[in-house]
Amino acid sequence: MANINVNAITRENIRAMKAYSSARDEFQGEASCFMDANENPYNSPLNRYPDPHQRILKKEISRLYNIDDSGIFLGNGSDEAIDLLFRAFCIPGKSNVISMDPSYGMYEVCAAINDIEFRKVLLRNDFSLDADAILAAADENSRLVFLCSPNNPSSNLLDKNSILKIVRNFKGIVVLDEAYIDFSGFEGMLPEVKNNNNLVVLRTFSKAWGMAGVRLGMAFADKEIIEILTRIKYPYNVNQLSQDIMLEHIKKNGLKNKWVEEIVKARKFLEKELLKIDAVLEVYPSDANFLLVKTKDPKRIYNFLKDKGIIVRDRSAVSLSEGCLRITVGTESENDTLLKALIQYDNL
Ligand SMILES: *Cc1c(COP(=O)(O)O)cnc(C)c1O
């Protein structure tokens, strides 16, 4: 159990400020004349500002994940929550954050935008998490630790006990990004949020749910952290179209589960077939919807595929990922197209 003093690591200006109070904050409910928000009275329903607190959608998400509404933040992708965590808890030019390396690039970008020192701690050669090395990188100015499980780009789940060791011993906030958790067969660490007031779990509708275009990400944490993120977000950060479409889509939860099943099956097939390609040296074990593939000549393969209209991600310049391409699992026909192209490449 971790129990840190969140107030003590909240930036002073954030602690002191009041949230912008919108018309929709001051009056909620039904009325015959809405004359409080300077909206255009025509063009219903798009003329109205959306619910700033996404109450109906949060209720549905609360049911879905069995977490109280007060522990949920919704943002314009999980990227919004990442940026807000920096703005709430890190003092520009003074604080630092720690991240495992390699991992998702947005953590470092947000650190740079907010002028926060970014400390990278290498994963082990098998991409497993070295909890002691992460903890050793921390000092009194460390405010956030970023962990990603399953990790992007290495595609592996992190060891639960190593994550918990960091959560229990780090004196700041641990941000655990579970964007790909649905593909792993593991329920993830959401149940640990109630035991640790310094654990923020990020989830997104962009991957397993198939809703990347809608831009909706979730952060789950102790209500004290959620209250701070909510206070500093843009008042109407999730538009009404996104709220409505997501609400409808959640009710078709079965569709997501069916997609996940298909994708995991296709991932296993793709992994097996890729190993038959001469140019492929290794396919790393994946708990996600993509494969990290070590090749003999990543740039040449990348360009060969690109010329055929098949776009993969060159990750060969990333730590511990020499020679690697990252390949997202596609439809059956996309996967076949890729494999046929690679067989051609072998026969050049
Ligand atoms: C794709 C991805 C996300 C999703 O970000 P959104 O802003 O919610 O689309 C988050 N974290 C990681 C590691 C990802 O790869």
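Is Lys59 counted as buried, exposed or partly exposed at 43% relative accessibility? Lys59 counts as partly exposed at that value, where buried denotes under 20% relative accessible area, exposed over 50%, and partly exposed the range in between (1.4 Å probe, protein chains only). The structure is a predicted model, in which local features need pLDDT of at least 70 and side-chain atom pairs count only at pLDDT 80 or more, while totals for chains, interfaces and linings use all residues. Residues are numbered from 1 along each chain as its sequence is written, and side-chain values use heavy atoms, with hydrogens and water left out.

Lys59 takes part in a salt bridge with Asp69, in which the closest N and O atoms are 2.9 Å apart. A salt bridge is defined here as a side-chain nitrogen of Lys or Arg within 4 Å of a carboxyl oxygen of Asp or Glu. The two partners are 10 residues apart, Lys59 in helix α3 and Asp69 in the loop between α3 (55-65) and β1 (72-75); helices (H or I, at least four residues) and strands (E, at least two) are DSSP runs numbered from the N terminus. Asp69 is also partly exposed, at 21% relative accessibility. By the stated rule, the count comes to 17 salt bridges.

A further salt bridge joins the side chains of Asp139 and Arg119 at 3.0 Å, N to O. Asp139 lies in the loop between α6 (131-136) and β4, and Arg119 in strand β3 (residues 117-122), so this pair ties together parts that are 20 residues apart in sequence. Asp139 is partly exposed, with a relative accessible area of 30%. The side chains of Glu273 and Lys276 also meet in a salt bridge, at 2.9 Å from N to O. Here Glu273 is buried, with a relative accessible area of 18%, whereas Lys276 counts as exposed at 56%. Salt bridges with shared partners join Glu117, Arg119 and Asp139 into one network.

Strand β4 (residues 142-148) has 7 of its 7 residues buried, so the strand is largely enclosed by the rest of the structure. Strand pairing requires that DSSP finds at least two bridges between the strands. Strand β2 (residues 96-101) pairs with β4 in the parallel sense over 4 bridges, and Val97 stands opposite Leu144 in β4. Strand β5 (residues 173-177) runs parallel to β4 and is joined to β4 by 5 bridges, with Phe146 opposite Val175 in β5.

A separate description applies to the open sheet of 4 strands, which has the order β8-β9-β11-β10 and antiparallel pairing. β8 (280-283) and β10 (313-314) stand at the edges, each with a single partner strand, so one side of each is left without a neighbour in the sheet. Strand β9 (residues 290-295) pairs with strand β11 (residues 324-328) in the antiparallel sense over 5 bridges, and Leu292 stands opposite Arg326 in β11.

Helix α4 (residues 78-89) comprises 12 residues and reaches 17 Å from its first C-alpha to its last, close to the 16 Å expected at 1.5 Å a residue, the expected span being 1.5 Å times one less than the number of residues. The helix α4 is mostly covered, 10 of its 12 residues being buried; among them are Ile82, Leu84, Leu85, Phe86 and Phe89.

Several backbone features lie in loops. The peptide bond from Ser44 to Pro45 is cis, with omega near 0°, and Pro45 lies in the loop between α2 (23-26) and α3. The bond from Asp101 to Pro102 is likewise cis, with omega near 5°, and Pro102 is found in the loop between β2 and α5 (106-113). Asp115, although not a glycine, has a positive phi of about 60°; Asp115 is located in the loop between α5 and β3 and counts as partly exposed at 48% relative accessibility. Leu320, also not a glycine, has a positive phi of about 60° and is placed in the loop between β10 and β11.
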